[in-house]
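Colleague: I am new to this structure. Please take me through a single part of it, slowly enough that I can follow along on screen.

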Amino acid sequence: MSAQLLDGKQISAEIIDEVRKGVDARTAAGKRAPALAVVLVGDDPASAVYVNNKKKACERAGFRSLSFEYPATLTEAELLDLVRKLNEDVEVDGILVQLPLPKHIDADKVIETINPNKDVDGFHPYNFGRLALKMPLLRPCTPHGVMVMLEKTGVDLAGKDAVVVGASNIVGRPAALELLLARATVTVCHSKTKDLASKIAAADVVVAGVGIPNFVKGEWIKPGAIVIDVGINRLDNGKLCGDVEFDVARERASWITPVPGGVGPMTIAMLMKNTLDACNALHP
């Protein structure tokens, strides 16, 4: 058996097309297009690539893209002042501060300063709490994208055993909450988990997000399981790979995401959706 691929590029393009229709409907009704402010501090190469991809997605979606790029010497106070100004700017619907931030800046403080109604990353404690209470508004983009991909398989997740590998606030924890919303039975594994292989071997759905190349061995995958690989890692030879041993896992799984071209594009697509939703809520 060779798993079917979940093509994140194609699915994300469909989502952005739908977002574009929503934007066109706004402008046809005499309303302005959504505006997304992206803040980049420092010169992290991966962050620069992500920000550039977000700018391109804004153009495809018909958004106004506002870019704020600063050297790593920007102070925490200066960044917080910028976020407060963007909060007050009625022409800005979404605020995204690209992570990671330089070590002298408290990322949690920055996230908590963002107006929850403009928190299109879905990281603010208010939006995270809404997800935990089964009342989601702006949802964390990557886990929400994962759920959209899972929907594309046509598999009913209710009652399925799902294992999330990694417990970060960006992927693991919100992914577990999303899977709970879908009525899956969820196990979250982390660095202290004992006998990880046996837990993964019993899972109908595996979501891996630990940031370690090929950490999840293909032989651990239950035959017929769905594998969502959130990791993206660059090897010494320059090639990209995920957190799951792809070639072996593909021969056991029913569905699997490639790296690259899997979850990555979905994250940006869900960011576009969140920005349109935020704009519609702020300026109906």
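Modeller: Start with Asn87, which sits in helix H3, residues 76-88. Keep in mind that this is a predicted model. Is Asn87 buried or exposed? Its relative accessible area is 18%. The cut-off for buried is under 20%, so Asn87 counts as buried.

Which residues does Asn87 touch? Leaving aside residues up to four places away in sequence, they are Ile95, Thr113, Ile114, Asn115 and Lys118. Look at Thr113 in that list. A polar atom of the Asn87 side chain lies 2.8 Å from the backbone oxygen of Thr113.

Now take Ile95, another residue that Asn87 touches. Ile95 belongs to strand S4, where it stands opposite Ala37. Strand S2, residues 35-41, is joined to S4 by four bridges. The two strands run parallel.

Step back to the sheet. It is open and has three strands, in the order S3-S2-S4. The pairing is parallel. Strand S3 (64-70) and strand S4 (94-97) are the edge strands, each pairing on one side only. On average, neighbouring strands in this sheet are turned by 15° against each other, direction ignored.

Begin at Asn87 in helix H3. Go to Ile95, which Asn87 touches.

Technical notes: Residues numbered from 1 in each chain as written. Predicted model: local features only at pLDDT ≥ 70, side-chain atom pairs only at ≥ 80, totals over all residues. Heavy atoms only, no water. Pairing = 2+ DSSP bridges. Axes fitted to C-alpha atoms, helices over the stretch in contact; angles between N-to-C directions. Buried < 20%, exposed > 50% of the residue type's maximum accessible area, 1.4 Å probe, protein only. Polar contact = N/O pair within 3.5 Å; in protein donor to acceptor, adjacent residues only side chain to side chain. Contact = heavy atoms within 4.5 Å.
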